Amino acid sequence: MPLVQQLGALLGLPVRVDNDVNAFALGEAAGGAARGQAHVLAVTVGTGVGGAFVLHGRLWRGAHHNAGEIGHLPVPGFGDRRCTCGARGHLESVSAGPAMAARYRR
């Protein structure tokens, strides 16, 4: 579905689609709690653990467009719990909402 084009035509405004945490970071940098800051680290915890970097006022995506994906950082001592990406021992495997709920149930 050509969402960007259809919304742009309907609204008469430029439209972009991006990762939710990237959009959150840009919004906070533009007009929220981080307004006026040149560098911003935004972190969210929900079904996953997300992050985004705004450096010099611009979203930093990194060489492979996954800069800020802090949930997939391997963390020593997190054992072999499986992450949503399939790997083991990532921050998200114990710190995301579903992982915390499962741990609480256990």
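I count a residue as buried under 20% relative accessible area, as exposed over 50%, and as partly exposed in between (1.4 Å probe, protein chains only). With that in hand, I looked up Ala87, which is partly exposed with a relative accessible area of 28%.

A note on what I am working with: this is a predicted model, where local features need pLDDT of at least 70, side-chain atom pairs count only at pLDDT 80 or more, and totals for chains, interfaces and linings use all residues. Residues are numbered from 1 along each chain as its sequence is written, and side-chain values use heavy atoms, with hydrogens and water left out.

**Ala87, continued.** I found Ala87 in the loop between β3 (58–60) and α3 (92–95); helices (H or I, at least four residues) and strands (E, at least two) are DSSP runs, numbered from the N terminus. From the C-alpha of Ala87 I went to that of Gly27: 60 residues apart along the chain, the two atoms are separated by 31 Å.

**Salt bridges.** I took a side-chain nitrogen of Lys or Arg within 4 Å of a carboxyl oxygen of Asp or Glu as a salt bridge. That rule gave me a count of one. The partners are Asp18 and Arg61, with their closest N and O atoms 2.5 Å apart. This pair links distant parts of the chain, 43 residues apart: Asp18 sits in the loop between α1 and α2 (20–31), and Arg61 in the loop between β3 and α3. Asp18 is partly exposed at 32% relative accessibility, and Arg61 is partly exposed at 32%.

**Cysteines.** I searched the whole structure for disulfides (pairs of cysteine sulfur atoms within 2.5 Å) and got zero. Cys83 is in no disulfide, its nearest cysteine sulfur being that of Cys85, 3.7 Å away. I noted Cys83 as buried, at 4% relative accessibility, and Cys85 as partly exposed, at 46%.

**Surface patches.** For patches I used residues with over 30% relative accessible area and no salt bridge, joining like charges within 9 Å and nonpolar side chains (Val, Leu, Ile, Met, Phe, Trp, Tyr) within 5 Å. Accessible areas come from the Shrake-Rupley method with a 1.4 Å probe.

The nonpolar patch I found is formed by Met1, Leu3, Val4, Leu7, Leu10, Leu11, Leu13 and Val17, with about 820 Å² of accessible area together. Leu7 lies in helix α1 (residues 3–11) and is partly exposed at 32% relative accessibility.

Arg81, Arg103, Arg105 and Arg106 form a positive patch; I counted Lys and Arg as positive and placed the charge of Arg at CZ. Arg105 belongs to helix α4 (residues 97–105) and is exposed, at 64% relative accessibility.
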